[in-house]
Amino acid sequence: MLNDDVRKHILEIEMEKTGELIPVINVGVHECLNREYTVAIIKTATFRPPPTPTVQLVDNKGNILGEEIVSVEQKKKHEADENATFVAPDFVLTVDPNDIQKTLTTDYLEKNKAKQAFILPPVQFIEVEELEDTCDVVSSSPDPLADLYIKEYFNFEDDAKLASILVGFNVKKD
């Protein structure tokens with residue numbers, strides 16, 4: 001279980017990413033830390049994949065411009081979509097890359113106040129959802145600096161084969 005000091009430090013690390021050209025906003029970590037309980041899990045690559053994308057590129061209106069590929073079914077769906085462009089084996093743009101590039105030019109941003117961000121949304125964590133008295137369950141992977149902090153806090157070595165996941169949840173009230 002994460003204490004208040006650890007929660008505050010993780011939140012401070014996550015907030016530093018919002019000033020970049022395309023900011024990274026870890027909504028999932030914020031949601032986890034806003035739950036009554038937050039636990040950290042240290043995992044290896046053998047841990048199950050997430051049920052939904054953990055990274056999305058969105059515009060300032062909330063439109064999804066691209067997303068991480070987390071399943072074979074999702075990959076097949078995007079491979080069949082002529083408007084989809086794979087920019088990496090596990091990330092697809094769902095709109096024309098030229099349109100995205102155009103909105104990033106300084107002139108366009110100044111005239112239209114358009115912005116894009118990488119969003120790390122909250123993700124289901126079924127294993128905790130299935131517990132009888134839990135509710136409002138969310139999970140998220142913290143940013144690399146917060147991940148390092150969590151591993152060090154719990155006396156794990158800085159090993160690229162290990163990664164942390166935060167799981168936040170509330171307890172049902174009678």
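## Basis of the model

Helices (H or I, at least four residues) and strands (E, at least two) are DSSP runs, numbered from the N terminus. Asn155 is found in the loop between helix 7 and strand 9.

This is a predicted model: local features need pLDDT of at least 70, side-chain atom pairs count only at pLDDT 80 or more, and totals for chains, interfaces and linings use all residues. Residues are numbered from 1 along each chain as its sequence is written, and side-chain values use heavy atoms, with hydrogens and water left out.

Three strands form an open sheet in the order 2-9-8, with antiparallel pairing. Strands pair if DSSP finds at least two bridges between them. Strand 2 (37-43) and strand 8 stand at the edges, each with a single partner strand, so one side of each is left without a neighbour in the sheet. From one strand to the next, the twist averages 25 degrees. Axes here are lines fitted to C-alpha atoms, for helices over the stretch in contact, and angles run from 0 to 180 degrees between N-to-C directions.

Strand 8 (residues 134-140) runs antiparallel to strand 9 (residues 163-171), and five bridges join them. Thr134 has Val171 of strand 9 as its bridge partner. Cys135 stands opposite Asn170, also in strand 9. Helix 7 packs on the sheet and touches strand 2 and strand 9. The direction of helix 7 makes about 85 degrees with that of strand 9.

Five of the seven residues of strand 8 are buried, so the strand is largely enclosed by the rest of the structure. Buried means under 20% relative accessible area, exposed over 50%, and partly exposed in between (1.4 Å probe, protein chains only).

## Helix 7

Helix 7 spans residues 144-153. Its buried residues are Ala146, Asp147, Ile150 and Lys151. Seen down the helix axis, they fall within an arc of 140 degrees, so they line one face of helix 7. The arc is that of the directions from the helix axis to the C-beta atoms. An α-helix has 3.6 residues a turn, so residues three or four places apart point the same way.

Asp143 caps the N-terminal end of helix 7. A side-chain oxygen of Asp143 lies 2.8 Å from the backbone nitrogen of Leu145. Such a polar contact is a pair of N or O atoms within 3.5 Å; within protein, one must be able to donate a hydrogen and the other to accept it, and residues adjacent in sequence count only if both atoms are side-chain atoms.

## Nonpolar cores

A nonpolar core is a set of buried Ala, Val, Leu, Ile, Met, Phe, Trp, Tyr and Cys residues joined through side-chain atoms within 4.5 Å. The largest has eleven residues: Leu2, Val6, Ile10, Ile13, Val29, Cys32, Leu33, Val138, Ala146, Ile150 and Leu166. Helix 1 (4-15), helix 2 (27-33) and helix 7 each supply at least two residues of this core. A second, separate core of seven residues includes Phe125, Val128, Ile165 and Phe169.

Leu166 belongs to the largest core. Beyond its neighbours within four places in sequence, Leu166 has contacts (heavy atoms within 4.5 Å) that include Leu2, Ile10, Val29, Val39, Val138 and Ile150.

## Thr134

Thr134 lies in strand 8. At 11% relative accessibility, Thr134 is buried. Its side chain reaches the backbone oxygen of Val128 at 2.6 Å. A polar atom of that side chain also lies 3.1 Å from the backbone oxygen of Leu131. Leaving aside neighbours within four places in sequence, Thr134 is in contact with Val128, Glu129, Phe169, Asn170 and Lys172. Lys173 is 39 residues from Thr134 in sequence, and 9.5 Å away from C-alpha to C-alpha.

## Asp59

Asp59 is found in strand 3 (residues 56-59). With 18% relative accessibility, Asp59 counts as buried. A polar atom of its side chain lies 2.9 Å from the backbone nitrogen of Asn63. Not counting residues up to four places away in sequence, Asp59 touches Leu65, Lys115 and Gln116.

## Positive phi angles

Most residues other than glycine have a negative phi, and most peptide bonds are trans. Asp136, in strand 8, has a positive phi near 55 degrees. Asp136 is partly exposed, at 43% relative accessible area.

Asn155 is exposed, with a relative accessible area of 72%.
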